[in-house]
Structures are given as structure tokens and as C-alpha cells.
Amino acid sequence: MLRPMKTGGTQFDEFLTRHVRGAQCKCDGAKTCTCNRPQVKLGEADYGTDYGDEDYEEGQDNTWLFSRSSNHRWGCGVHADWTELTNCVPALLDREEKPDQLRRFFYITQLRDPVERFVSEWLHVKRGATWKSSRHHCNHMSHSITPCYPGSSWVGVSIEEFLACPTNLAFNRQTRMLADLSLVNCYDVITKKHLNNTNSQPIAYLESKMLQSAKENLLRMAFFGILGRNEASQKLLGASLGLEFEGVFATRDSNSEYVDLSPQLTLKIKQRNRLDLELLSFARDEFERRSNLLQK
């Protein structure tokens with residue numbers, strides 16, 4: 001599961017570890033669960049391929065859900081992105097479970113309105129969140145991003161200060177986390193190191209390439225949901241992965257809904273997150289296309 005910050009991922013993760021019929025998750029507290037693989041029907045295209053599932057015995061490690069709440073928790077880093085997950089998960093499962101096992105990987109995620117998501121992240125950071133343990137791993141190395149604040153956290157930051165930091169990873173977070181960052185020299189879009197290198201591509205080109213990669217990866221996802229379209233998202237999830245559920249997916253109210261922003265601040269947030277706005281527009285069209293296919 002790819003979980004951009006403040007997109008309802010915690011509730012979505014909890015739903016998958018507690019309400020999938022046949023998964024038999026055993027949870028120790030709110031965020032740590034061990035889940036057995038549910039029996040699913042994925043359609044004729046998947047039949048006839050031997051993935052070695054029968055080699056697993058009951059009680060063995062047999063990951064079906066790779067997320068914060070499940071067997072390996074943040075095994076590829078806190079809120080690992082597409083670049084990190086695709087380069088980390090296969091090797092991690094070989095190392096910690098059964099080596100050289102033929103596996104299927106179905107990537108899933110959830111998106112959110114970019115303005116609401118950005119405001120929600122600001123409020124979370126204002127309360128003291130940092131995500132300092134994120135690896136920012138790309139092209140076989142971890143990248144250092146200039147922090148927006150001195151000290152251990154940014155407690156009490158105003159929305160104006162949050163918007164003013166040029167290296168704020170909250171900008172276009174969904175696009176960046178869904179893209180293959182190796183295509184855009186990793187974090188150059190954020191750090192702007194390329195501006196000091198005459199051989200590097202301009203920022204507009206890198207942003208365009210990153211957005212295109214995010215769109216392509218979204219299309220490759222076995223499932224993606226949109227926060228606020230919970231019922232339709234649940235139906236798509238069940239149909240896409242052959243899952244049945246005990247209960248409905250519900251999200252808690254967000255404090256961002258009660259923040260009164262001026263038109264000027266709202267415009268600035270949209271300008272700083274224009275890639276995410278375009279990505280969500282693209283995602284909504286694809287979401288409707290997939291939903292309409294269920295009606296036929």
C-alpha cells in the first residue's frame with residue numbers, strides 16, 4: 001500500500017486489517033496486525049499461473065498486505081513512495097520470508113483533494129509531526145532535503161510560513177510519491193540543485209515528466225480510491241482484488257474541514273500544488289471509467 005501523508009491512509013489501513021473477510025488478522029493494539037492471506041478470485045487472466053502459494057503452510061509468514069499496520073510495518077521506510085516500494089519490497093520479502101518466491105504485487109493507494117490534504121498536513125506538522133525517519137531513497141542512495149525549520153519540529157508553524165518554505169515536501173506530495181523519481185534525477189524538483197548545473201533540465205520539464213510518471217503509475221495500480229468517494233472506492237477495491245468485506249469503509253472528520261482560509265491563501269495553496277490538482281483531475285476521470293465498468 002502506497003500511503004501519501006494525510007490521505008486517509010490510517011483508516012484505510014485499519015479497514016483492510018480488520019474488515020476483509022477471510023484475512024484473519026490478529027492485531028496487537030491499533031497499528032500492529034499479522035494477517036493471513038484471504039481466499040480471492042482475481043479472474044481468468046490470473047488462472048493457470050503457479051505462484052507457489054501451496055508451498056506456504058499455516059502459521060508461516062505469508063504477506064498479502066504490505067502496509068504500516070500489517071506484517072512488515074514500515075519495512076521500506078516511513079510512508080515509502082512508489083520509487084522506494086518498487087525497489088524495496090521484493091528484496092525485503094525474499095529476505096524475511098521465502099527467498100526467490102514468485103509473487104504478484106498489486107499496488108494500491110488513496111488520493112485526496114490537494115487543498116484539503118495540504119491543509120491537513122500543515123495542521124499535523126503544526127502539532128509536531130515531522131516524519132524525520134523517511135528515507136527519501138532513490139537511485140540506490142538516501143537524499144538529504146534541507147529542512148524548513150531549525151530544531152526538532154515545526155510546532156506552531158503558521159500557514160503562511162508553511163507555504164513560504166521552498167523545500168517543503170508537502171507541495172505536490174501525491175504526485176511526487178506516485179512518480180518514479182529516478183526519471184527526474186530524484187529530488188531535484190524539490191532541492192533545485194539542477195539550477196546550478198547548466199547540463200540539467202529546467203524545472204518545468206522535470207515537473208511535467210514527474211506528473212506524467214505519476215499518471216502512468218496510477219493507471220498501473222490494481223486499485224486506487226478517492227477520499228470522500230468511500231462507497232464507490234470500496235466497491236472498486238472488492239472488484240479489483242476479489243475481496244469481500246465485513247463492514248463499510250468510513251473516515252473520521254478532518255480538522256482541515258474547519259479551517260477558514262482566505263481566497264488569497266487558497267489560491268497560493270492551489271498554485272503550490274498545481275501538479276496534484278492535475279493528477280486528481282486525471283484520477284477522477286479514471287476512477288469514473290473504472291466505476292462505470294462495474295455497471296456493465
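A: What follows goes through the cavities and then turns to a pocket. This is a predicted model, in which local features need pLDDT of at least 70 and side-chain atom pairs count only at pLDDT 80 or more, while totals for chains, interfaces and linings use all residues. Residues are numbered from 1 along each chain as its sequence is written, and side-chain values use heavy atoms, with hydrogens and water left out.

The structure holds 3 cavities of 30 Å³ or more (on a 1 Å grid over the protein atoms alone, a cavity is a set of points where a 1.4 Å probe fits but cannot get out, a pocket is an open set with protein on both sides within 12 Å along at least five of seven lines, and lining residues have an atom within 4 Å of a point; a volume is the space filled by probe spheres set on the points, which are joined across faces, edges and corners). The largest cavity has a volume of about 90 Å³, and its lining includes Met5, His79, Asp81, Glu84, His136, Arg173, Arg176 and Tyr187. Helix 5 (residues 173–178) contributes the largest share of that lining, 3 residues (helices are DSSP runs of H or I with at least four residues, numbered from the N terminus).

As for the second largest pocket, its volume is about 640 Å³, and among its 31 lining residues Lys6, Gly8, Gln11, Arg112 and Ser120 lie nearest its centre. Helix 3 gives the most to this pocket's lining, with 4 residues.

Conventions
Helix = DSSP H or I, 4+ residues; strand = E, 2+ residues; numbered from the N terminus.
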